[in-house]
Amino acid sequence: MATEIAIEGQGLSKRFGSIEALRDVALTVPVGQTYGLLGPNGSGKTTFIRLVAGLVRPTAGRLTVLGQPMPSRRILGDIGYMPQTPALYLELTVRENLLFFARIYGAADRDRVEEVLSVVGLSERADSPVYALSGGMRQRTSLACALVHSPRLLLLDEPTVGVDPPLRVAFWQYFRRLNQEGVTILVSSHVMDEAERCDRLVLLRDGRILAEGSAGELRQQAGAPTLEEAFLRYAEDAGELG
Amino acid sequence: MSWARIAAIFLRIVQQFRRDRRTLALMFTVPVLVTLLVGYVVRSSEASLSVAVVEETVDPTSSFSPGGELLTALDQAGSVRAEGLPRAEAEERLDNGDVQGIVYLNYAAQAGTAVPKLDVELVLEGTNPQDSGAIVRAVQRGLLQVAVTGLGISLGLPELSPQELVAVQVSYVYGGPEFDFVDYEAPALIGFFAFFFVFLLTAVSFLRERSSGTLERLMAAPINRSEVVLGYMLGFGFFALIQSLAILMAAVLILRIHYEGHLLLVFLIAGLITVGSVNLGIFLSTFARNELQVIQFVPLVIVPQGLLSGVIWSVDSLPGWLQVISHCLPLTYAIDALRNTMIKGQGLADSGVYANVLVMLAFAAFFVVLASRTVRQQVD
């Protein structure tokens with residue numbers, strides 16, 4: 001089922017009661033790229049990621065993930081999902097958390113667990129219970145849990161919140177390596193300099209796509225020196241149109 | 001359905017428990033301590049009653065002493081202690097609480113008949129109706145023996161003992177003369193604690209699963225709801241069975257209750273209780289936002305079952321409309337089944353067990369449906 005497109009969404013809308021979290025979103029993410037979702041809080045980034053993770057069903061629109069029309073349970077094993085808050089079992093050690101999620105994905109391989117531990121730099125803290133870890137370490141454990149079953153598509157909701165700059169750089173280098181291995185990454189962020197590292201970006205506001213393209217393209221089109229200013233221009237334009 | 005995934009959840013619950021020493025202690029030591037406490041409290045309160053016997057007049061013409069006979073009779077029965085005392089001392093003891101009742105006996109000749117009359121007056125301390133009832137019953141029984149002895153004497157057959165004049169043959173279908181409230185209570189405690197702790201712990205851990213986001217993480221994995229629910233049932237069922245075994249051992253080995261049951265059947269019933277309470281816990285955790293709100297379910301779910309399921313007061317003794325409620329509570333059936341096997345020694349083939357087990361299965365199925373419908377909630 002080899003496909004060049006990892007995520008393809010058309011006319012995606014999601015409504016929670018009276019709140020429209022996503023409005024008519026269309027997006028195509030090629031395999032092996034890192035795609036960034038950029039926007040303020042409440043812009044629909046998390047909802048979009050949860051949609052791709054199969055956690056919510058769209059109110060309208062079509063979504064295909066790794067060649068499978070969603071929702072599909074079959075494809076879930078190929079997706080790694082890292083939620084915004086480090087969702088971990090506090091009483092368990094780092095290694096036990098990893099092994100647990102590995103087993104849930106039917107991929108309990110101790111070598112892989114050790115490999116992922118060293119990627120996130122937690123080999124030495126592997127036997128510490130999570131409640132004894134700092135916020136940044138928890139965030140790293142959470143990322144490791146999303147990686148442990150070697151997914152083909154990685155969904156990361158604000159993965160570097162609370163992570164020190166040196167480690168943040170290491171994370172992005174690792175994401176690059178995953179891309180080269182054919183892993184597609186969809187990552188949300190509101191940190192602009194981080195967004196620069198993505199192959200392509202989607203600017204979201206109020207559940208709508210403002211613009212799409214590489215960081216350079218977006219800056220150029222908006223005629224703005226920084227991504228931040230470009231975002232504000234696009235938001236102004238959208239406001240005038242709306 | 002993947003057993004590997006179910007086993008992963010089971011193993012995780014065991015690991016979490018092992019780390020949480022306090023909860024572990026709560027689940028095993030508290031039920032055992034409470035069971036032992038109930039045993040000692042019940043047994044000591046029954047043996048602590050005493051009465052004074054005051055013999056007012058002695059008939060100089062007869063060798064028959066009703067007071068002495070009553071003391072002998074009470075002594076033999078053993079349910080209350082009895083002591084013969086002069087009136088003043090007896091009343092003083094009643095005043096300061098050393099005795100809970102005084103029996104005044106007045107044995108005097110009656111005009112116009114050769115048979116003397118025995119006047120009995122019983123004065124009770126009276127603050128505790130249960131104690132009063134126990135004394136009245138014991139004294140009545142004792143007086144019956146006195147009357148029979150007196151009858152033998154008045155018939156001129158002094159060589160006959162009361163047993164020879166009136167023979168009462170007592171036999172027990174279940175239990176026995178040494179059977180007490182503790183024997184009746186132990187099965188109920190096993191059922192109650194299995195339900196209580198499993199409900200509380202499941203509700204709290206599932207609440208955490210929801211609020212910490214781990215449930216969302218699970219739902220993003222290729223695991224289905226029934227695997228999550230089954231893993232939970234196995235995990236908590238495992239601890240519930242150990243808990244039942246601990247209570248049972250304390251009751252049998254330390255309190256020396258009369259145990260006729262089959263261990264596997266006790267486990268089966270405790271297991272079914274667990275299935276029900278795990279799922280009820282998962283279901284109700286949907287309606288709680290934090291641990292305190294889980295505790296708020298205790299008066300709603302646990303207390304009515306403690307009062308109405310026959311834990312202390314038997315369901316048959318309740319007023320009719322309350323019995324209707326009792327029969328809507330799963331614990332009623334569990335406790336009845338546990339009593340039937342532990343006291344009566346009934347097996348799965350006896351209706352007292354299988355009828356209850358069937359109702360429990362129905363309850364379990366109902367709660368499983370409720371739980372699996374709400375597992376995903378707050379994720380969507």
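A cavity is a set of points on a 1 Å grid over the protein atoms alone where a 1.4 Å probe fits but cannot get out; a pocket is an open set with protein on both sides within 12 Å along at least five of seven lines; lining residues have an atom within 4 Å of a point. Grid points are joined across faces, edges and corners, and a volume is the space filled by probe spheres set on the points.

This is a predicted model, in which local features need pLDDT of at least 70 and side-chain atom pairs count only at pLDDT 80 or more, while totals for chains, interfaces and linings use all residues; side-chain values use heavy atoms, without hydrogens and water. Residues are numbered from 1 along each chain as its sequence is written, and chains are lettered from A and ligands numbered from 1 in the order in which they are written.

## Cavities

Rolling a probe the size of a water molecule over the atoms shows where empty space is left. By the cavity rule, the count comes to five cavities of 30 Å³ or more.

| Space | Volume | Lining by class |
|---|---|---|
| Largest cavity | about 80 Å³ | nine nonpolar, one polar, no charged residues |
| Second largest cavity | about 40 Å³ | seven nonpolar, three polar, one charged residue |
| Second largest pocket | about 700 Å³ | 15 nonpolar, six polar, seven charged residues |

The largest cavity is lined by residues of chain B, including B:F195, B:L272, B:G276, B:M360 and B:F363. Helices and strands are DSSP runs, numbered from the N terminus (helices H or I, at least four residues; strands E, at least two). Helix 10 (263–285), helix 14 (330–342) and helix 15 (351–374) of chain B each give at least two residues to the lining of the largest cavity.

The second largest cavity is lined by residues of chain A. Among them are A:G36, A:W172, A:E194 and A:C198. Strand 3 (34–38), strand 8 (184–189) and helix 7 (192–195) of chain A give two or more residues to this lining.

## The second largest pocket

This pocket is lined by 28 residues. Nearest its centre lie A:E91, B:D20, B:V204, B:S205 and B:R208. Five elements of chain B give two or more residues to the lining: helix 1 (3–19), helix 2 (21–47), helix 7 (181–212), helix 9 (225–254) and helix 11 (291–295). Helix 7 of chain B brings the largest share, nine residues.

## Chain A

Chain A has nine helices and ten strands. The radius of gyration of chain A, taken over C-alpha atoms, is 18 Å; the globule rule (2.2 Å times the number of residues to the power 0.38) gives 18 Å for 242 residues, so chain A is as compact as a globular protein of that length. Its C-alpha atoms fill a box of roughly 55 × 35 × 35 Å along the principal axes.

Two strands pair if DSSP finds at least two bridges between them. Four strands of chain A form an open sheet in the order 2-1-4-5, with antiparallel pairing. Strand 2 (19–30) and strand 5 (68–69) of chain A are the edge strands, each pairing on one side only. Two bridges join strand 4 (60–65) and strand 5 of chain A. There, A:V65 stands opposite A:Q68.

Contact means heavy atoms within 4.5 Å. Axes are lines fitted to C-alpha atoms, for helices over the stretch in contact, and angles run from 0 to 180 degrees between N-to-C directions. Helix 1 (45–52) of chain A lies across strand 1 (5–16), strand 2 and strand 4 of chain A, at about 60° to strand 2.

Strand 9 (200–205) and strand 10 (208–213) of chain A run antiparallel, joined by five bridges. A:L203 has A:A211 as its bridge partner. Two residues lie between the strands of this hairpin, where A:D206 takes a positive phi near 50°.

## Chain B sheet

Chain B holds an open sheet of four strands, ordered 2-1-3-4, with mixed pairing. Its edge strands are strand 2 (81–84) and strand 4 (117–124). The twist averages 20° from one strand to the next. Strand 1 (50–57) and strand 3 (101–108) of chain B run parallel, over six bridges. B:T57 has B:N106 as its bridge partner in strand 3 of chain B.

Helix 3 (66–77) of chain B lies across strands 1, 2, 3 and 4 of chain B, at about 165° to strand 1. Helix 4 (87–95) of chain B packs on the sheet and touches strands 1, 2, 3 and 4; its direction makes about 160° with that of strand 3 of chain B.

Notes:
Ala, Val, Leu, Ile, Met, Phe, Trp, Tyr, Cys and Pro count as nonpolar, Asp, Glu, Lys and Arg as charged, and the others, Gly among them, as polar.
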